[in-house]
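The sequence and structure come next.

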Amino acid sequence: EAQKAEAAYLFKWIAITGMFVYMEAGAIPGMLKQLKARFNLDYFQLGILGSVVYLSLSLGCPIFAWLYRRYNAKNVLGITLIVNNITMLMFALCPTSFPNL
């Protein structure tokens, strides 16, 4: 009974975090029309922009499945969170060539 409750708890957290991941991943495809007008993108560029999230997920999932099996999952997650925070900081500090942003 305790194992069943633990599995239900874990499932709820996985479902909630999954919703946030895919909500963020779906933001770009949902805004393609506005991005096309704002940044003067052609349809090829829009296709790349809309699909890069799903391509990254498709490539990253098998890699991280292997990493989680090979190494301690807590350590792998900790390292990926640190790397993610560093790259987000770099992204925030990146200069832009769009003067009206």
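## Asparagine 40

Asparagine 40 has a relative accessibility of 69%, which is over the 50% cut-off, so asparagine 40 counts as exposed. The model is predicted. Asparagine 40 sits in the loop that joins helix H3 (32–39) to H4.

The backbone of asparagine 40 has a phi near 55°, a positive value in a residue that is not glycine. As a rule, most residues other than glycine have a negative phi.

## Overall make-up

The protein has five helices and zero strands. Read from the N terminus, the order of elements is α-α-α-α-α.

Of the 101 residues in the protein, 7% are buried. The accessible surface amounts to about 9100 Å², and carbon and sulfur atoms account for 71% of that surface.

## Aromatic pairs

How many aromatic pairs does a search of the whole structure find? The search returns three. One of them joins phenylalanine 64 and tyrosine 68, with 6.1 Å centre to centre and 50° between the planes, a tilted arrangement. Both residues belong to helix H4 (residues 43–70), where they are four residues apart, about one turn of the helix.

Are phenylalanine 64 and tyrosine 68 buried, partly exposed or exposed? Phenylalanine 64 has 29% relative accessibility and so counts as partly exposed. Tyrosine 68, at 33% relative accessibility, also counts as partly exposed.

A further pair consists of tryptophan 66 and tyrosine 71, whose ring centres are 6.3 Å apart. The planes of tryptophan 66 and tyrosine 71 stand at 90°, so this pair is edge-to-face. Tyrosine 71 has a relative accessibility of 44% and therefore counts as partly exposed.

## Charges over rings

Key. Residues numbered from 1 in each chain as written. Predicted model: local features only at pLDDT ≥ 70, side-chain atom pairs only at ≥ 80, totals over all residues. Heavy atoms only, no water. Phe/Tyr/Trp six-rings, centres within 6.5 Å; stacked < 30°, edge-to-face > 60°. Helix = DSSP H or I, 4+ residues; strand = E, 2+ residues; numbered from the N terminus. Buried < 20%, exposed > 50% of the residue type's maximum accessible area, 1.4 Å probe, protein only. Areas by Shrake-Rupley, 256 points an atom, 1.4 Å probe, with all protein chains shown as cover.
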